[in-house]
Amino acid sequence: MSRFDFVRADLYNQVDSRSDYNKVGDMKLLLRSHSFVALCVFALAITAGVSAIESLDSTTTQFLPLVAVATRRAEFESVVFTGVGEDEHAFTDIQPLDETRLILVRQSGIIQIAAADGTIAATPFLDITDRVAYDSAERGLYELAFHPNYAQNGFLYVAYAHTNAVTSQKTMRISRFTRSASNPDTGDAASEMILLTIPQRNNRHQSGSLAFGPLDGYLYISVGDDNQPETAQQGSVLTGKLLRIDVDSAEPYTIPPDNPFVDDPDVLDEIWALGVRNPWGIDFNPANGDLYIADVGDLTSEELNFQPGTAAGGANYGWPCYEGYEPHDATACAPDAELTAPIYAYGHADGRCAITGGYVYHGQSFPAWFGAYLFADFCTGDLFTVQRSGGQWQVRWRGTIPWLTTTLGYDYVGEPYAGAFVNGVVYKLLPTSAATAQSPSTK
Ligand SMILES: [Ca+2]
Ligand SMILES: [Ca+2]
């Protein structure tokens with residue numbers, strides 16, 4: 001019996017064929033070239049799809065259709081926090097710099113500092129636009145991870161797309177930068193130490209999410225399949241994988257001795273997990289080391305994968321053998337028993353198109369969300385929480401972010417923000433009852 005036999009087939013009854021909008025890159029390209037027309041068509045597509053969808057309750061593990069969402073009360077309001085019209089480049093990461101300030105990573109290659117009132121500092125924290133290959137679709141600067149001991153060593157890590165000026169070879173780089181000795185509010189652009197250079201052939205599915213394991217201190221890196229799905233099952237390349245490296249024992253890095261494939265000559269030692277497509281966000285629960293992997297799907301399914309904090313690595317999340325719970329391409333696949341199914345997947349009904357990963361909420365403004373993982377859909381902006389209760393995963397709709405959601409982030413006390421695509425806005429999410437009385441500038 002397949003591990004995928006528990007699939008709730010009804011999830012896929014909702015899948016439709018409005019797949020012109022079903023991938024982040026497609027949507028971005030479309031918006032860049034035909035933004036107004038695309039949005040109008042998109043709105044019509046949503047409207048047209050609603051009537052065919054049955055009503056569902058949010059306490060089930062299915063998504064609420066938009067018609068039902070509209071009748072429910074959103075738990076938050078999205079207050080414009082910063083950046084309206086200043087710069088249309090997408091946000092790819094939001095996280096605290098310190099108690100009062102946020103770090104905002106932009107796909108174009110600039111990392112900025114936002115003050116508590118939303119003001120963006122005139123001097124960027126780091127500007128590496130000179131080496132980031134930004135194509136306004138999927139290539140660019142992805143995520144940033146501060147070293148757990150950043151306060152002492154000043155090390156930060158980024159993932160970005162690069163194109164060699166002479167050979168035109170495309171790569172994804174994982175690099176370390178060091179805080180400036182003269183200005184602690186800046187990174188030193190000349191301090192780059194390249195850890196990994198991963199060859200890429202295409203412009204799609206680069207991923208580039210970074211996170212330090214809260215239990216082991218190792219750096220985890222997601223690498224997309226580079227639009228070569230078969231590579232996700234190949235141990236000889238790093239695309240379509242999660243990697244795990246030790247950045248502390250020697251430069252540029254070493255292999256943790258307990259990595260799952262160090263004794264397997266057929267699988268590269270950096271590999272921690274296989275079978276991912278385009279993880280748009282890997283994030284640990286800092287309380288217990290649980291790992292959430294939001295993996296953007298192809299035509300049918302957006303999936304959320306999970307690894308308990310006690311896991312020893314080596315999981316195979318199944319792409320391209322499966323997309324979500326559906327068989328996709330069985331060529332050169334491991335047996336089903338060796339694959340790990342997602343904890344949740346959703347189709348593209350109601351205009352949803354691509355999962356945007358978030359983080360495990362530990363703030364105070366939304367008590368009902370505490371300990372739950374937040375994620376959103378890129379196209380609709382619907383925000384959901386997922387949490388295990390009584391051994392079952394429960395997904396709940398919490399509200400809708402008003403613009404295409406490229407990233408979810410948080411401040412020093414864990415309160416949520418959402419980065420938008422192309423309109424240069426970061427939203428702060430405030431409880432509905434408080435949002436009208438409280439703006440970020442008065443907080
Ligand atoms: Ca090996
Ligand atoms: Ca999968």
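The following exercises, each with a worked solution, concern a predicted model of a protein chain.

**Exercise 1. Confidence and overall make-up**

Task: Determine which stretch of the model has a pLDDT below 50, and describe the secondary structure of the chain.

Solution: 
- Step 1. The average pLDDT of the protein chain is 85, and 82% of the residues score at least 70.
- Step 2. The pLDDT falls below 50 over residues 1-61, a stretch that has 97 contacts in the model beyond near neighbours in sequence.
- Step 3. Where pLDDT is low, predicted coordinates should not be read in detail.
- Step 4. The secondary structure of the chain consists of 5 helices and 26 strands.
- Step 5. Of the 443 residues in the chain, 48% are buried.

**Exercise 2. The nonpolar core**

Task: State how many residues the largest nonpolar core has, and identify the strand that gives the most to this core.

Solution: 
- Step 1. The largest nonpolar core has 109 residues; among those with the most contacts inside it are Leu144, Tyr220 and Phe375.
- Step 2. Strand β7, residues 155-163, gives the most to this core, with 7 residues.
- Step 3. In soluble globular proteins, nonpolar side chains tend to be buried together.

**Exercise 3. An open sheet**

Task: Give the order of the 4 strands in the open sheet, and explain why β6 and β9 each have one side without a neighbour in the sheet.

Solution: 
- Step 1. The strand order is β6-β7-β8-β9, with antiparallel pairing.
- Step 2. Strands β6 (141-146) and β9 (187-200) stand at the edges; each has a single partner strand, and therefore one side of each lacks a neighbour in the sheet.
- Step 3. On average, neighbouring strands of this sheet are turned by 25° against each other, direction ignored.
- Step 4. Antiparallel strands β6 and β7 are joined by 4 bridges, and Phe146 stands opposite Leu156 in β7.
- Step 5. Gly187 lies in strand β9; although Gly187 and Leu156 are 31 residues apart in sequence, their C-alpha atoms are 8.3 Å apart in space.
- Step 6. Gly187 is buried, with 24 other C-beta atoms within 10 Å.

**Exercise 4. Strand β4 and its partners**

Task: Decide whether strand β4 is largely enclosed or left open by the rest of the structure, and find the strands joined to β4 by bridges.

Solution: 
- Step 1. Of the 5 residues of β4 (residues 110-114), 4 are buried, so the strand is largely enclosed by the rest of the structure.
- Step 2. Strand β3 (residues 102-106) runs antiparallel to β4 and is joined to it by 4 bridges; Ile103 has Ile113 as its bridge partner in β4.
- Step 3. These two strands form a hairpin with 3 residues between them, and Gly109 in the turn has a positive phi of about 120°.
- Step 4. Strand β5 (residues 126-127) is also antiparallel to β4, with 2 bridges; here Ile111 stands opposite Leu126.

**Exercise 5. Backbone details in loops**

Solution: 
- Step 1. A cis peptide bond, with omega about 0°, joins Trp319 and Pro320; Pro320 lies in the loop between β16 (302-307) and β17 (322-323).

Notes
Residues are numbered from 1 along each chain as its sequence is written. Chains are lettered from A and ligands numbered from 1 in the order in which they are written. This is a predicted model: local features need pLDDT of at least 70, side-chain atom pairs count only at pLDDT 80 or more; totals for chains, interfaces and linings use all residues. A nonpolar core is a set of buried Ala, Val, Leu, Ile, Met, Phe, Trp, Tyr and Cys residues joined through C-beta atoms within 7 Å. A residue is buried if 20 or more other C-beta atoms lie within 10 Å of its own, exposed if 12 or fewer, and partly exposed in between; C-beta atoms are placed from the backbone. Two strands pair if DSSP finds at least two bridges between them. Axes are lines fitted to C-alpha atoms, for helices over the stretch in contact, and angles run from 0 to 180 degrees between N-to-C directions. pLDDT is the predictor's confidence in each residue, from 0 to 100. Two residues are in contact if their C-beta atoms, placed from the backbone, lie within 7 Å.
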